[in-house]
Amino acid sequence: MLPEFTTTALYFLRPIWLLGLFGVLLFSLFHFKKSKRADQQGLIAAHLSDHIVSKGSHSNHWPIAFNVLAGLACIALSGPTWRNIDMPVYEMEKAQVVVFDLSYSMFASDIKPSRLAQAKFKTIDLLKQWTEGEKALIAYAGDAFTITPLTRDGNAIINHIINLSPDIMPVQGSRADLALDKAIELLQNAGYSEGHIVFISDDISQQQSQQMIETLKGTNWVVSILAVATAQGSPIKMPNGTLLKNAEGDIIVPKLIAQPLYDITQATNGLYLTSSYSNSDIEQLGHYFDNQQARKSNIEQHSAEGFAIDDGYWLSFLLLPLFLLLFRKGVFFTLLVAFYLPLTSQNLEAAETSHWKNSQQNAYQAYLEKDYQQASTLYDDAFDQGSALYKDKQYEQALQQFDRAIETQADNAHAFYNKGNSHAQLQQFDKAIAAYEHALVIDPTLQQAAKNKALLEKMQQNQEQQQSQDQQQNQDEQQNQEQQQNQEQQQNQEQQNQDQQQNQDEQQNQQNQAQQTQQLSETDDDINEELQALPNWLKNMPDDPSILLRRKMQIEYQKRAQSQPIKQQTNNGVIW
């Protein structure tokens, strides 16, 4: 369909170029006065000068041509326009999906009261932030299941969140890649080509992260992650009070590994956050998609205003014959240099780099403007590239550049210092401390390296103390469990004795109540008839919503196992 144009009053897109007309006028006056002074020098009488001195056939042509050419060029550069193109912008619905991790590691308590409880609180707060658009809830462990399809009613989703637990999942594991496929399928079936997918999780493996990035490549899905875990980790305490152990009998302590999570968000221009006890993380997530995509809730018709068409290019046809008059005088080549930058629209006037600076100056300018990705590509020096990549939170790539810088300058203390910072960001504390020590050997006055080294050593000591405390706590819990078991055995024995006495009393009471039962038999028969009239599904319906969710997912998982047996037999990941 061809675009529609509307005619408006004449105006200029870049009116500042009209100031050039004053420069043309001043040049004309200057040239005119100069020629008059040349004629009035008095060397030859005025009535004889015209007959004796030959001025040339083209002497008066090129100043006039230049003035006209410069004036037309100024008008063309000012962007005259009298037409608008009607480009209506239509509303695009907003859809956001919460993907909830229900692997066993969510029972860990490094975030109080537990990762699972904290994740539920954060999800409820996030759904309350999303007051517009459709939202959905997906839970996953060894497989992914739709808890609530896309709906505008956030309370309908919140009602299900309180019943979420790893116990209700039909298959254990941690398959975030299947959860992503499920979320994309849910959005696509609803007719969306882009949307916001928010993972509430504590861990995604490096292999799954790469697989998810491949799935998201070339799409418009924005994936954000709220990590509910800490780098120190914590044992997994099961609902029955025992601690989850691996096949070797060692207690499992799941820890946060942030890099795979960060890689996913970077590949989709999403947001990576770690859970905080304040509400700042939810506020950022709640408004991130709106700010990122600049959605509009209502249809905005720009047909009244439209997009202006730059009609200055029509004047270029008038400039061509005038260039012929200037060609032999060399003015043509001067104008090429003067007007090096071509006519551009308003959206392209600000270039990323300057043609008047070298690449290193442009790199430094990009660094100052916090365009670290551009700066890293423009810098030639490995140390500068590493600094830009570090600022861009690409710590592994920054580490490679700092290693290159150390190879060329082995006595560069700052390179070792930045290398230590990169290792620290990657949770590689031993390597970070070694790099800081090397930096201090080269430059003992580098106080920041000493401070960071002391900070990491203190963190390691705290981790060791925490682990020892956890082990002691585990031993105490096991002792308490043994004591509880002994107490329960004693209580069971006492209960058995009481039960025997109660049975004897009940037998006596039954004989006394036999006569009363006969009198109420007619009423009981009426009640039994009403109960038998109810359908079986209604009589057997459980009162606990979590049981309904468990049965729903079990049935769905069985159907998948029958239709896609190969997929269900693949590795579902470790159970935590």
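Reply: Gln427 sits in the loop between α16 (413-425) and α17 (429-442). The model here is a predicted one. The phi of Gln427 is positive, about 65 degrees, although the residue is not a glycine. Most residues other than glycine have a negative phi. Is Gln427 buried, partly exposed or exposed? Its relative accessible area is 37%, so Gln427 counts as partly exposed.

Now take Lys393. This residue lies in the loop between α14 (382-391) and α15 (395-408). Lys393 has a relative accessible area of 44%, so it is partly exposed.

Next comes a peptide bond. Most peptide bonds are trans. The bond that joins Lys112 and Pro113 is cis, with omega about -5 degrees. Pro113 is placed in the loop between β3 (95-101) and α4.

In soluble globular proteins, nonpolar side chains tend to be buried together. The largest nonpolar core here has 43 residues, and Phe100 and Leu137 touch the most other members. Helix α4 (residues 115-129) gives this core its largest share, five residues. Another core lies apart from it, with 32 residues, including Ala95, Ala136, Leu216 and Leu256.

Back to Phe100. Which residues does Phe100 contact, leaving aside neighbours within four places in sequence? They are Leu116, Ala119, Lys120, Thr123, Leu137, Ile138, Ala139, Tyr140, Leu164 and Ile200.

Key:
Residues are numbered from 1 along each chain as its sequence is written. This is a predicted model: local features need pLDDT of at least 70, side-chain atom pairs count only at pLDDT 80 or more; totals for chains, interfaces and linings use all residues. Side-chain values use heavy atoms; hydrogens and water are left out. A nonpolar core is a set of buried Ala, Val, Leu, Ile, Met, Phe, Trp, Tyr and Cys residues joined through side-chain atoms within 4.5 Å. Buried means under 20% relative accessible area, exposed over 50%, partly exposed in between (1.4 Å probe, protein chains only). Helices (H or I, at least four residues) and strands (E, at least two) are DSSP runs, numbered from the N terminus. Contact means heavy atoms within 4.5 Å.
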